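Here are a few notes to read alongside the model.

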Amino acid sequence: MKTECIGDHVKLNGKLYPCTVSLTMDLVGGKWKAVILYHLKEEAKRYNELRKEMPSVTEMTLSLQLKQLEKDGLVARKVQGKKPPIKVIYSLTDFGKTFIPVLEAITAWGNQAVKEKGEFIAG
């Protein structure tokens, strides 16, 4: 029997899911979570660095997604300094780093899809 099918549900952080795929998509699904993780996979970054690398994400969305990724244990938020301007740095946690091979597979698949069915546009 497949590991993901051992029980009727799986549980993480007090939340029940019907399967491990559902759990995974809750943690990293949506338009921006995997993109944020991708931009943090090489090094820690400040909020404004992430904004510059993802210009089409709104500030509110980026902020909310970072908070959710932090709550789920994938991203760490470190505040440096006690008074303004404080420096906030985001990085992958050890748990977040376990997702890097999946990010690399998603990137490779996306690159292949564009090569076969789309085009890269310089701009």
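1. Start at the loop between strand S4 (75-80) and strand S5 (87-92), where you will find Pro 85. The peptide bond from Pro 84 to Pro 85 is cis, its omega being near 0°. Strands here are DSSP runs (E, at least two residues) and helices are DSSP runs too (H or I, at least four), numbered from the N terminus. This is a predicted model: local features need pLDDT of at least 70, side-chain atom pairs count only at pLDDT 80 or more, and totals for chains, interfaces and linings use all residues. Residues are numbered from 1 along each chain as its sequence is written, and side-chain values use heavy atoms, leaving out hydrogens and water.

2. Next, look at the loop between S1 and S2, which holds Asn 13. Asn 13 is not a glycine, yet has a positive phi of about 50°. Most residues other than glycine have a negative phi. With 63% relative accessibility, Asn 13 counts as exposed (over 50% relative accessible area; buried is under 20%, partly exposed in between; 1.4 Å probe, protein chains only).

3. Helix H1 (residues 20-28) has Leu 23, Leu 27 and Val 28 as its buried residues. They lie on the same side of H1, because their arc around the axis is only 105° (taken from the directions from the helix axis to the C-beta atoms). Among the elements covering them are strand S1 (10-12), helix H2 (33-40) and helix H4 (59-71).

4. Just after H1, do look at Gly 30, with its positive phi of about 95°.

5. Which residues of H1 meet H2? Asp 26, Leu 27 and Val 28 in H1 meet Lys 33, Ala 34 and Leu 37 in H2 (contact means heavy atoms within 4.5 Å).
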